[in-house]
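Me: I'm new to reading protein models. Could you walk me through this one, feature by feature?

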Amino acid sequence: MKKLILTLLTASILVGAAQAQTAGNKPATEKQENFEHLADRFADLQVLRYKIDGFETLNPKQKELCYYLYQAALSGRDMIWDQNYKHNLRVRKTLEAIISSYKGDKKSDQYQLFLTYAKRVFFSNGIHHHYSSKKIIPNFNEQFLSTLIYGSNAKLLPLQPGENVKDFVGFITPVICDPNKDAKKINLAANEDLLQTSAMNFYEGLSQAEVEAYYEKKIDKKDPTPISYGLNSKLVKENGEIKEKVWKVGGMYNNSIVKIVSWLEKAVTVAENENQKDALKKLITFYKTGSLKDFDTYNIAWVKDIDSRVDVVNGFIEVYGDPLGYRASYESVVSIKDMEASQRIEAIGNEAQYFEDNSPILPEHKKKEVTGISAKVITAVVEAGDAAPSTPIGINLPNANWIRKNHGSKSVQLSNIVSAYDAVGGSSLTKEFCFTDDEIQRAYLHSSLAGKLHTDMHEVIGHASGQILPGVGTPKETLKNYASALEEARADLVALYYMMDPKLLEIGVMPDLEVGMAEYDAYIRNGMLVQLSRLELGEQLEEAHMRNRAMIARWAFERSKGQAIVRETKYGKTYFHITDYKLLREIFGELLREVQRVISTGDYKAGQMLIEEYGVKVDLELHKEVIQRYRQFNLAPYKGFIQPKLIPVLKNNKLVDVQVTYPSDFLEQMLEYGKDYGYLPNYN
Ligand code: ZN
């Protein structure tokens, strides 16, 4: 629930494949400005590289710690594939077998189409698009798929015991090629059984109603410190009985988790301090017992670990992949603190009480005391599982509301990821949707800082603010499929409201209110127009962040009645132009009050109205126009990353140093990961 992904669609420069392939492996000493961020471009995707700024400033023990956590992170990779869809691991092993052993013509157009398909699947950790969650349909036909499979080494194919290649082709062909088979990973459409219509692998043999009834009985709504029910298991019905297959040592996903634990145990031996050691030990305990009480204990220890330079998120974290919002996807982010940039975010965190006290939300929905908000800017060392190749730019954890309230939370922004996005971002797209030269100028001067400040505030004071009234239940229980979009809206609205507050000048994080204005411009442009470029014609908004952005922009537009936001047409093109920033700030404040009220009181009907009325529908004519305007730039709407590679330097079998290299071939890294971390069997 607390993941922030790229706020705006940054424009990017199209790079031909030939140019991209010349990037080569770059040594770690390379300066940021000479670092080649672009690595690959295919379909709607762009693959970038990021640099671990400051790695060389770590001491040997901290580097060693990074290395063990890096190995632990990657060891869990197979889990996300299996969680996303139950046949994903077999599909991936098929792709790997073909790429490494196909004897036919690898120069043919058909084979190139196959490679593009394979890269798309690798990018999405499965056969469903990482963002839209729709099945990726290959541009080659079924015939060619069987040619590829028969032309490859049968020993490398993921055959089941007793299965021959012919049977296997019969099985895998519809899985890959049939557009109607398991067409969608996560369906959130109201009035449909969300489990029957979603292909994710968190449930087996159960209807939505059965699962809801199961948790209705199980969850004690009066418990002030509830566990995160269902977070670390698959729920199945076997012989008429509902049971949880828990992801732990000795349970489901044993092979991956055993490896994670063994690397974490090494990490404990080089922990920076007692708090970090304690947290790592508790994470190991959680993986061994699978007890969600242990997970809470771990999280409480993890939020206390604030003085370490190295930090890690490793576990079953976000529930976006489950249409019912119980089960979490595996992810890991290993990071080091960016000392300089952390000062900005700390300045905001230090004022958390001011922001809560001065918020436009109703007094009874405010936190009397905002506890332990810890904020920092980090540099990613490696990302894995659900956090890669596509990555968040901000993280705010843990997700359990009562832990956040009683023990605080950690909030981070990933500075080197943002830098990489900025480095490949262009200004042409921004220009296309700006109505005035002032707006263009503002974007040019301030959009980088504006975006960072928005993220800071979204994470540090946005998700951390407000409280749910006693006895109401969590947003997931009360607001159901609208909970994520409303929570994201709340965090965005807090950020937007304070983007125009002179307090930011006073605490020295912003030089001029023009920065806030640039953010308002960008938010309205994106929410009303630009983000539609991510959808195909005829589609509606489904993803939580997109819904929230559309809802906020459209609600504000309607509310302003032409006083703050004006719809303009110039040369047949549509623009949304802000005419009164102060008034718009008031309007954001008003909506924030309402969204917080919906969450605090669990007002499902009002929450549903906000999202369905403003955050779902797409105006077809406007959509056509946006796509046409967007297309001229030939951009990739989605971006992800190749991970740096950490290499241990051994002396007498003892690790004495760690070196970093920056691979530039996406496919090569994917194949390497498959070989090095492919711990799970075809089926779990
Ligand atoms: Zn968020």
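Predicted model: local features only at pLDDT ≥ 70, side-chain atom pairs only at ≥ 80, totals over all residues.

Me: Which strand is Ser233 found in?

Reply: Helices (H or I, at least four residues) and strands (E, at least two) are DSSP runs, numbered from the N terminus. Ser233 sits in strand β7, which covers residues 233–238.

Me: And which residues is Ser233 in contact with?

Reply: Contact means heavy atoms within 4.5 Å. If you leave aside neighbours within four places in sequence, Ser233 touches Glu244, Lys245, Val246, Trp247 and Arg327. With Glu244 there is also a polar contact of 2.7 Å between the two side chains. That term means a pair of N or O atoms within 3.5 Å; within protein, one must be able to donate a hydrogen and the other to accept it, and residues adjacent in sequence count only if both atoms are side-chain atoms.

Me: Let's zoom out. How many helices and strands are there in the protein?

Reply: You'll find 26 helices and 19 strands. The radius of gyration, taken over C-alpha atoms, can be held against the globule rule, 2.2 Å times the number of residues to the power 0.38. Here the radius of gyration is 24 Å, close to the 26 Å that the rule gives for 684 residues, so the protein is as compact as a globular protein of that length. Along its principal axes, the C-alpha trace spans about 70 × 60 × 60 Å.

Me: What percentage of the 684 residues is buried?

Reply: Buried residues make up 61% of them. As for contacts between residues at least 6 apart in sequence, 74% join residues at least 24 apart.

Me: Where is Glu274, and is it buried or exposed?

Reply: Glu274 belongs to helix α10, residues 274–289. Its relative accessibility is 58%, so Glu274 counts as exposed.

Me: What should I look for in the backbone angles?

Reply: Most residues other than glycine have a negative phi, and most peptide bonds are trans. Against that background, Ala388 and Pro389 are joined by a cis peptide bond, with omega about -10°. Pro389 is in the loop between β11 (373–385) and β12 (394–397). Leu397 to Pro398 is also a cis peptide bond, with omega near 0°, and Pro398 lies in the loop between β12 and α14 (401–407).

Me: Where is Asp182, and what is its phi?

Reply: Asp182 is in the loop between α7 (165–177) and β6 (203–204). Its phi is near 50°, a positive value in a residue other than glycine. Asp182 is partly exposed, at 27% relative accessible area.

Me: What about the phi of Lys480?

Reply: Lys480 has a positive phi of about 50°, although it is not a glycine. Lys480 is in the loop between α18 (475–479) and α19 (483–499), and it is partly exposed, with a relative accessible area of 43%.

Conventions:
Residues numbered from 1 in each chain as written. Heavy atoms only, no water. Buried < 20%, exposed > 50% of the residue type's maximum accessible area, 1.4 Å probe, protein only.
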